[in-house]
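Here's a walk through one protein model for someone meeting it for the first time. Take a look at the picture, then read on.

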Amino acid sequence: MSPLTLRGTTFRNRVWLAPMCQYSAAGDGVPTDWHLAHLGARAVGGFGLVLAEATAVVPEGRISPEDVGIWGDEHVVAWRRITDFVRSRGAVAGVQLAHAGRKASTYRGFGEGAGTVPAAGGGWDTVAPSAVAFDGYAAPREMTPEQVAAVPGQFAAATRRALDAGFDLVEVHAAHGYLLHQFLSPLSNHRDDAWGGDLAGRARLLLDTVDAVRAVLPDDRPLLVRVSATDWTEGGLTVEDVAQVAVWLREHGVDLVDVSSGGNVHASIPVGPGYQVPAARTIRETAGIATSAVGLITTPEQAEQVLADGSADVVMLGRPALFDPHWPLRAAHALDDKTPTLDHAGDAAATVLPGQPTGWPVQYARGSWG
Ligand SMILES: Cc1cc2nc3c(=O)[nH]c(=O)nc-3n(C[C@H](O)[C@H](O)[C@H](O)COP(=O)(O)O)c2cc1C
């Protein structure tokens, strides 16, 4: 429950909401009341950072037709209402900026179909570093040099809109087999120009994107990058490769690396409690950069251990937060950390009082232990 400061931004604790697609946009990528309720509930529930889902920087960068985006003014207006509420509850509001590349235009996983959505169903042609399909999806078109060179500017424009929309920070999505991960990995990047070849060449687009985003973010705003620390596949990215990328990210002004794994090819992953924590630790130690750990961190004691043993600076929770939006407040209770005391100010907005980094909502006073 101890606060963390990155640049000029203080997070009330180190339990953060992992980005999770809700596949519930209205029309063209516009967030809805569902997003307000989903993200708002987790801000009330005590998360230090409420990180909005993969949000497309351009329409063709959406994973599914129901994904949210931030490529137009209508998105800024809709997000503003959500960030206003999230911030009023004492959470930092963040957004994960994304381009899905060859994994765009897919069904959302609500049982309506699998694989690529055809044009007749609202889908579109996809692009990628090379014309190599993700198994089970339509083949992408190889991006022209002009198309590649445009990507950093698309992320920078999205960052400007994110600031206008009231977000405190952005996370660049370079994990899970989406566009920037496709460039990083030799399994999906077969280019022989300046954006391919060795690790430095394959990392170039990510670093140019980070530079473009950093240039429009005020100095006091943190920049996060989510990486897949390994492709879990022979011949793919290794933790050592990604630790080297993390060194470059730090040198380019990134403040925290959010360490996930996989997603670029079908692979057998040894999933278990905290299975990605060792990678977060390796990257933290090798690159000398703050990390967050994510993936099957489910109990307060386990989360506390990840932080206490120095594996990561922060834990992110995905599915446990779907089960319990008040996970951080409940964890504080379970660990007998009385930091989240009642807010007796009588002001519904005043959940953050001096000396009380995480506030139990006064409206819920009769449900607290205090
Ligand atoms: C419904 C759902 C949607 C997700 N969407 C995203 C996303 O938009 N961006 C992302 O980087 N990861 C996404 N993930 C992965 C989570 O952020 C997280 O890394 C993963 O679920 C492992 O953490 P957990 O065991 O705490 O759930 C999603 C996961 C779920 C369950």
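## A first stop: Val-57

Val-57 is buried, with a relative accessible area of 2%. This is a predicted model, by the way, so treat everything here as read off a prediction. You'll find Val-57 in the loop that links strand S4 (49-56) to H2.

What does Val-57 touch once its neighbours within four places in sequence are left aside? Its contacts are Trp-71, Leu-97, Ala-98, His-99, Gln-154, Phe-155 and Ala-158. If you'd like a sense of scale, pick Arg-214: Val-57 and Arg-214 are 157 residues apart in sequence, and their C-alpha atoms are 16 Å apart in space.

## Helix pairs

Now for how some of the helices sit against one another. Two packed helices are described by the angle between their axes and the distance between the axes.

| Pair | Axis distance | Angle | Handedness of crossing |
|---|---|---|---|
| H1 and H2 | within 9 Å | roughly 15 degrees | right-handed |
| H5 and H6 | within 11 Å | roughly 40 degrees | right-handed |
| H6 and H7 | 9 Å | about 50 degrees | right-handed |

Start with H1 and helix H2 (residues 73-88), whose axes cross at roughly 15 degrees. H1 and H2 are therefore roughly parallel to each other. On the H1 side, the contact is made by Asp-33, His-35, Leu-36, Leu-39, Gly-40, Ala-43 and Val-44. H2 brings Trp-79, Arg-81, Ile-82, Phe-85 and Val-86 to that contact. Sorted by class, the contact of H1 with H2 has eight nonpolar, two polar and two charged residues.

While you're at H1, which spans residues 33-44, have a look at His-38 in that helix. Is His-38 buried or exposed? With a relative accessibility of 5%, His-38 counts as buried. Setting aside neighbours within four places in sequence, His-38 is in contact with Leu-17, Gln-22 and Leu-322.

Next come helix H5 (residues 199-216) and H6, with axes that cross at roughly 40 degrees. That angle makes H5 oblique to H6. From H5, the residues Leu-199, Ala-200, Ala-203, Leu-206, Leu-207 and Val-210 meet Asp-241, Gln-244, Val-245, Trp-248 and Leu-249 in H6. The contact of H5 with H6 has nine nonpolar residues, one polar and one charged.

H6 also packs against H7, at an angle of about 50 degrees. This makes H6 oblique to H7. H6 contributes Val-239, Val-242, Ala-243, Ala-246, Val-247 and Arg-250 to the contact, and H7 contributes Ala-279, Thr-282, Ile-283, Thr-286 and Ala-287. By class, the contact of H6 with H7 comes to eight nonpolar, two polar and one charged residues.

## Positive phi values

Just after H7, Gly-288 takes a positive phi of about 60 degrees. Positive phi also turns up in residues other than glycine, and His-176 is one of them, with phi near 60 degrees. His-176 is in the loop between strand S8 (169-174) and helix H4 (179-184).

Leu-296 isn't a glycine either, yet its phi is positive at about 50 degrees. You'll spot Leu-296 in the loop between S11 and H8. At 28% relative accessibility, Leu-296 counts as partly exposed.

Terms used. Residues are numbered from 1 along each chain as its sequence is written. This is a predicted model: local features need pLDDT of at least 70, side-chain atom pairs count only at pLDDT 80 or more; totals for chains, interfaces and linings use all residues. Side-chain values use heavy atoms; hydrogens and water are left out. Helices (H or I, at least four residues) and strands (E, at least two) are DSSP runs, numbered from the N terminus. Axes are lines fitted to C-alpha atoms, for helices over the stretch in contact, and angles run from 0 to 180 degrees between N-to-C directions. Angles under 35 degrees count as roughly parallel, over 145 as roughly antiparallel, 65 to 115 as roughly perpendicular and the rest as oblique. A crossing is left-handed if the near helix is turned anticlockwise from the far one by less than a right angle, and right-handed if clockwise. Contact means heavy atoms within 4.5 Å. Ala, Val, Leu, Ile, Met, Phe, Trp, Tyr, Cys and Pro count as nonpolar, Asp, Glu, Lys and Arg as charged, and the others, Gly among them, as polar. Buried means under 20% relative accessible area, exposed over 50%, partly exposed in between (1.4 Å probe, protein chains only).
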